[in-house]
Amino acid sequence: MSLAGRLSGGSKSEYLKLIETGNMDSTVNVSLAERSYPIWIGTNVLANQLHQTQQLLSHWKHAVVIHDEHLASVANQMVGALEQLGVRSDFIKIPSGEKSKCVEQLSMIWEQMLQCKADRKSVVVAIGGGVVGDLAGFAASTYMRGVRFVQIPTTLLSMVDSSVGGKTGINLPASKNIIGAFWQPHAVCIDTRLLNTLPEREYNSGLAEIVKYGVILDAEFFSYLESNAFGILNRDADALNKIIARSCELKASVVSADERETTGLRAILNYGHTFGHAIEATTAYGTYLHGEAISIGMTMAGHLAAKAGMWTAEDLRRQTDLLRGLKLPVVLNEPIPTIDLLSAMRSDKKTEHGELQLILPNRIGHVTVVKGVSESDVIQSIDANRA
Ligand SMILES: NC(=O)c1ccc[n+]([C@@H]2O[C@H](COP(=O)([O-])OP(=O)(O)OC[C@H]3O[C@@H](n4cnc5c(N)ncnc54)[C@H](O)[C@@H]3O)[C@@H](O)[C@H]2O)c1
Ligand SMILES: [Zn+2]
């Protein structure tokens, strides 16, 4: 049985267990031998989670809290919480936005860590979305050849995607995420209350990755998303707890099977991303948020799969309706020349020897890696999904 089949088949009882626990706190364990770690999920539970973190980390006496500038109030709340635990803390504020994933910010963090006498036993605590998580995680992986790292993700995307799997890194002006390291956190504390202040567009963008998990691995989860779209859009605590926990479980299962992207299994997480990355690159990362580009990318990939007879038109309709229902774009409304998109797809980091490889669905809950996809099919699926 394929990986997707094994994961979606083997996880049913866990899924039901999750549904039954309601909005109680959930824990997802990421199994990676000695690098295994828990993801704690709950609402209004940050102080408890920090307490749990301290019990997990031996000799935690010093925290370097690296936070997004928009999360200063959360960082402030940490001062007292850490003090109560007997942990000395230093704070580093990072300007919000992708530009901060750069050598200059990284070097500033290293300098400040040195100044505040961070040592091998210090723990880097990242508070923010994927930008701060990736940057702080990379700083943690390199300072004194690696110090411990805890994530407090604050965007939906970082809760369900970037905080699971251990990829950390920064950008160079010419290439995104080109410098980095695999560095697993020791714990991830998810407090869904932090999502209350997240702008609607950012929140909806994170939903695209959640739909992706349903399409690639779990038909039952996909149905749950269809039936609960209203509560999800309204950030209902119960729905949030379930969709975040299930998404983390699904990503964790894939990561556990292919931690360093060596066996190819992790590639299924790239569903919709070859099209999506090309859309982001050809619009200079300024028009669409990542999840929005991925939503259009999944629609294009889904269209291609339907044309090729790999999955049914009905499955494609369900995917499109769900994405639309979650207020995500499903058509390209920028006049990007198809040839530019195609060329960006060919130079995507995940493309091997210029051969187009796509993750395509066979049915909701199952995908296949397809190599050597014809350019004319790709062109057709781009042009069929324009506004
Ligand atoms: N490491 C991985 O596996 C992985 C996976 C996916 C994406 N990423 C990376 O993640 C980054 C994108 O992450 P993101 O989408 O979380 O964006 P982000 O970190 O830029 O956050 C988006 C915006 O929301 C603001 N914000 C964050 N939390 C908030 C809150 N609770 N309330 C109000 N505002 C808040 C931020 O200041 C920022 O303006 C990219 O750099 C991408 O490469 C990494
Ligand atoms: Zn993504």
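## Briefing: fold, cores and zinc site

In this predicted model, residues 24 or more positions apart account for 75% of the protein's contacts with a separation of 6 or more. The protein has 16 helices and 11 strands.

**Overall dimensions and surface**

- Of the 387 residues, 55% count as buried.
- The accessible surface comes to about 16100 Å², and carbon and sulfur atoms contribute 52% of that area.

**Nonpolar cores**

- The largest nonpolar core contains 77 residues, among which I39, I243, I244 and V378 touch the most other members.
- Helix α11 (residues 237–257) supplies the largest share of this core, with 10 residues.
- Both domain 1 (24–209) and domain 2 (271–383) contribute to this core, with at least three residues drawn from each.
- Leaving aside residues up to four places away in sequence, I244 touches I41, L156, M159, V160, I190, T192 and L195.
- A second, separate core consists of 22 residues, including L46, A63, V123 and V125.

**Zinc site**

- The zinc ion (ligand 2) has three kinds of contact to name: its protein donors are E209 through OE, H273 through NE2 and H290 through NE2, at 1.9 to 2.1 Å from the ion.
- The donor residues follow the sequence spacing E-x63-H-x16-H.
- The two histidines link distant parts of the chain: H273 belongs to helix α12 (residues 273–282) and H290 to helix α13 (residues 290–307), 17 residues apart.

**Accessibility of the histidine donors**

- H273 has a relative accessibility of 5%, which is under the 20% limit, and therefore counts as buried.
- H290 has a relative accessible area of 24%; because this value lies between the 20% and 50% limits, H290 is partly exposed.

Definitions and conventions
Residues are numbered from 1 along each chain as its sequence is written. Chains are lettered from A and ligands numbered from 1 in the order in which they are written. This is a predicted model: local features need pLDDT of at least 70, side-chain atom pairs count only at pLDDT 80 or more; totals for chains, interfaces and linings use all residues. Side-chain values use heavy atoms; hydrogens and water are left out. Donors are N, O and S atoms within 2.8 Å of the metal (3.2 Å for Na, K and Ca); water is not among the atoms, so sites may look incomplete. Helices (H or I, at least four residues) and strands (E, at least two) are DSSP runs, numbered from the N terminus. Buried means under 20% relative accessible area, exposed over 50%, partly exposed in between (1.4 Å probe, protein chains only). A nonpolar core is a set of buried Ala, Val, Leu, Ile, Met, Phe, Trp, Tyr and Cys residues joined through side-chain atoms within 4.5 Å. Domain bounds come from an automatic or database domain assignment. Contact means heavy atoms within 4.5 Å. Accessible areas come from the Shrake-Rupley method with a 1.4 Å probe; for residues, only the protein chains shown count as cover.
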